[in-house]
Amino acid sequence: MVSAPRSRHGRAALLMLGSTLGFGLMAIFIRLASKAIPTWEVAFFRNTFGFLTLLPLLAVPVSRRRRPVAAFAASVRTDQLPRYFIRTAIGIASMVCGFWAIAHLPLAQAIALAYSSPIFVTIAAILMLGERVRARRWTAVALGFIGVLVIVRPWSHAFSAGSLVAVAAAMLSALVAIQIKQLSRVDKADTIVFWTYALWVPMSFFPSLFVWRWPGGTDWLWLLMTGLMGTAGQVLWTRALKLGDVSALTPISFMQLPVVTLAGWLLFDETLDGPTLLGAGIILGSSFYIAHREARLARERRSTAPSEAVEPGN
């Protein structure tokens, strides 16, 4: 009787670990591809190869139905296309900022600042969703901002304006998370994922034409792996959250930071400085507490309103 829950939590932990490694490898391949390919073009190929990877995963569940094409079309039908255009436009802006940061900042710094997104999600949820935040979560948000400042160091000669691009990516990612929360109230997770990629591909293609450079040699491999690892990370992350509790799985996702830090040292001769390490620790602690509180509040809402649909993960 006890082994089933343990097995379920164990699978969730393994899936989250796989997701973390996928996202970490994606960051490494983005850096490798960005040596020769402009950021907009890297984003386009990440979306294209990611979409091609995703389509079979969406099609398989309906492939055995009597009319599979009609069943697939019905599974991704939506009445929210204008909202998807807004969501994907913000998402593309966040993606390009994040990819630029990975390409130009030390990997550890870029990823550590990306983990500040839950801080901005909390603030956006207050402003856009009217959520109530009590003193403890406000404290976690304030500590998270302190962590960001420790890494960015605007008062120091070590300050780089490029670090603000990474912060902008985290802020825009927070807006995307709010958009997904709103869309998930009317559309299924598969619908959201399909339309996100379907719009991301052309939205990233047209700007990339202005900076286009044909990939050569190993560039194709890096671009392909960027798309494969990104989609694998998303799929495994979603499945992990279906099996386990977000507050228990969030610390596992933090393993991405040591993975990319080690890669930065081995592949790109980067070192991890003290302020980045300290700031990352503060941000990760803040993000963990916010995730823990969100999970607890979600459980309370489900227990008091059992008919309310559970919102799928980002």
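The conversation below takes up the overall fold, then some helices, and then individual residues.

Student: Before we start, what kind of model is this, and what are its ground rules?
Tutor: This is a predicted model, in which local features need pLDDT of at least 70 and side-chain atom pairs count only at pLDDT 80 or more, while totals for chains, interfaces and linings use all residues. Residues are numbered from 1 along each chain as its sequence is written, and side-chain values use heavy atoms, with hydrogens and water left out.

Student: How many helices and strands does the protein chain have?
Tutor: The protein chain has 13 helices and 0 strands; these are DSSP runs, numbered from the N terminus, with helices being H or I of at least four residues and strands E of at least two.

Student: Why is the chain called as compact as a globular protein of that length?
Tutor: Its radius of gyration is 20 Å, close to the 20 Å that the globule rule gives for 314 residues, so the protein chain is as compact as a globular protein of that length. The radius is taken over C-alpha atoms, and the rule is 2.2 Å times the number of residues to the power 0.38. Along the principal axes, the C-alpha trace spans about 60 × 50 × 40 Å.

Student: What share of the residues is buried?
Tutor: Buried residues make up 46% of the 314, where buried means under 20% relative accessible area, exposed over 50%, and partly exposed in between (1.4 Å probe, protein chains only).

Student: Turning to α12, which of its residues are buried?
Tutor: In α12, the buried residues are Gln 256, Leu 257, Val 260, Ala 263, Gly 264 and Phe 268. Seen down the axis of α12, they fall within an arc of 130°, so they line one face of the helix; the arc is that of the directions from the helix axis to the C-beta atoms.

Student: Which exposed residues are on the face turned away?
Tutor: That face of α12 carries the exposed residues Trp 265 and Leu 266.

Student: What follows α12?
Tutor: Asp 269 follows α12, in the loop between α12 and α13. Asp 269 has a positive phi of about 55° although it is not a glycine. Most residues other than glycine have a negative phi.

Student: Is Asp 269 buried or exposed?
Tutor: Asp 269 counts as exposed, at 68% relative accessibility.

Student: Where is Arg 153, and what is its phi?
Tutor: Arg 153 is found in the loop between α7 (135-152) and α8 (162-183), and its phi is near 50°, a positive value. Arg 153 counts as buried, at 11% relative accessibility.

Student: New topic: what does Ser 287 contact?
Tutor: Ser 287, in helix α13 (residues 274-304), is in contact with Tyr 115, Pro 118 and Phe 254, leaving aside neighbours within four places in sequence. A polar atom of the Ser 287 side chain lies 2.8 Å from the backbone oxygen of Tyr 115. Ser 287 counts as buried, at 4% relative accessibility.

Student: Which residues does Thr 191 touch?
Tutor: Not counting residues up to four places away in sequence, Thr 191 touches Ser 75, Val 76, Arg 77, Thr 78 and Tyr 84. Thr 191 lies in helix α9 (residues 189-208) and is buried, with a relative accessible area of 1%.

Note on methods:
Polar contact = N/O pair within 3.5 Å; in protein donor to acceptor, adjacent residues only side chain to side chain. Contact = heavy atoms within 4.5 Å.
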